[in-house]
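Here's a quick briefing to read alongside the model. Take a look at the sequence and structure first, then go through the notes below.

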Amino acid sequence: MAGRGGEAVSDRREFITASVASAVTVLLTTSCGGSAGGLGGVTGPVSFSVQVSSYPALANVGGIARVDMGGTPVAAVRTGADTFAAFSLICPHRGCTVGINGSAFRCPCHGAMFASTGTWIGGQRTTNLGSFTTSYDATTGVLTILN
Ligand code: FES
């Protein structure tokens with residue numbers, strides 16, 4: 001086109017290429033099922049850490065708190081004095097954000113329910129919540145969640 005130099009075309013091509021690459025990344029992120037690494041499609045950071053004392057709900061065994069990883073909804077469950085579990089709150093049914101419901105989880109979209117272990121227990125039939133590996137440093141009170 002007249003008035004548009006090769007550099008502008010090159011910039012547009014780079015922009016389009018980058019945009020397509022981003023779209024593919026998003027598509028891959030959202031299309032991976034709950035079985036891919038057990039993370040419900042989470043492709044965020046390799047790990048993140050939270051200070052447990054910042055989440056009063058985690059003070060007692062059985063407590064559940066939302067400890068999101070970037071923009072990804074994640075829940076931590078205190079399973080013992082020095083042990084924790086962590087789950088993706090991306091519903092394995094159709095991807096809604098699962099909520100904490102007392103000592104368990106419930107998806108607001110179609111009603112799937114999950115125990116504090118992440119196991120599907122009723123409502124809309126689906127698979128269990130994706131789980132993360134956790135490690136806890138009792139000395140520092142830091143919970144590390146790995147994907
Ligand atoms: S998206 Fe969660 S039950 Fe359908």
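Cys109 counts as partly exposed, because its relative accessibility is 38%, which falls between the 20% and 50% cut-offs. Keep in mind that this is a predicted model. The notes below start with the cysteines and then move on to the sheet.

- Cys91 comes out as buried, at 4% relative accessibility.
- Cys107 is buried too, with a relative accessible area of 2%.
- Both calls rest on the cut-off for buried, which is under 20% relative accessible area.

**The disulfide**
- Searching the whole structure turns up 1 disulfide.
- Cys96 and Cys109 make that link, and their sulfur atoms sit 1.9 Å apart.
- The Cys96–Cys109 link is left-handed, with -95° about the S-S bond.
- Cys96 is in the loop between β4 (84–88) and β5, while Cys109 is in the loop between β6 and β7 (113–114), so the bond ties together parts that are 13 residues apart in sequence.

**The sheet**
- An open sheet is built from 4 strands, ordered β5-β6-β7-β8, with antiparallel pairing.
- β5 (99–101) and β8 (120–122) are the edge strands; each has a single partner strand, so one side of each has no neighbour in the sheet.
- In general, strands of a sheet pair through backbone hydrogen bonds, parallel or antiparallel.
- For β5 and β6 (residues 104–106), the antiparallel pairing runs over 3 bridges.
- Asn101 has Ala104 of β6 as its bridge partner.

Methods:
Residues are numbered from 1 along each chain as its sequence is written. This is a predicted model: local features need pLDDT of at least 70, side-chain atom pairs count only at pLDDT 80 or more; totals for chains, interfaces and linings use all residues. Side-chain values use heavy atoms; hydrogens and water are left out. Two strands pair if DSSP finds at least two bridges between them. Helices (H or I, at least four residues) and strands (E, at least two) are DSSP runs, numbered from the N terminus. A disulfide is a pair of cysteine sulfur atoms within 2.5 Å. Buried means under 20% relative accessible area, exposed over 50%, partly exposed in between (1.4 Å probe, protein chains only).
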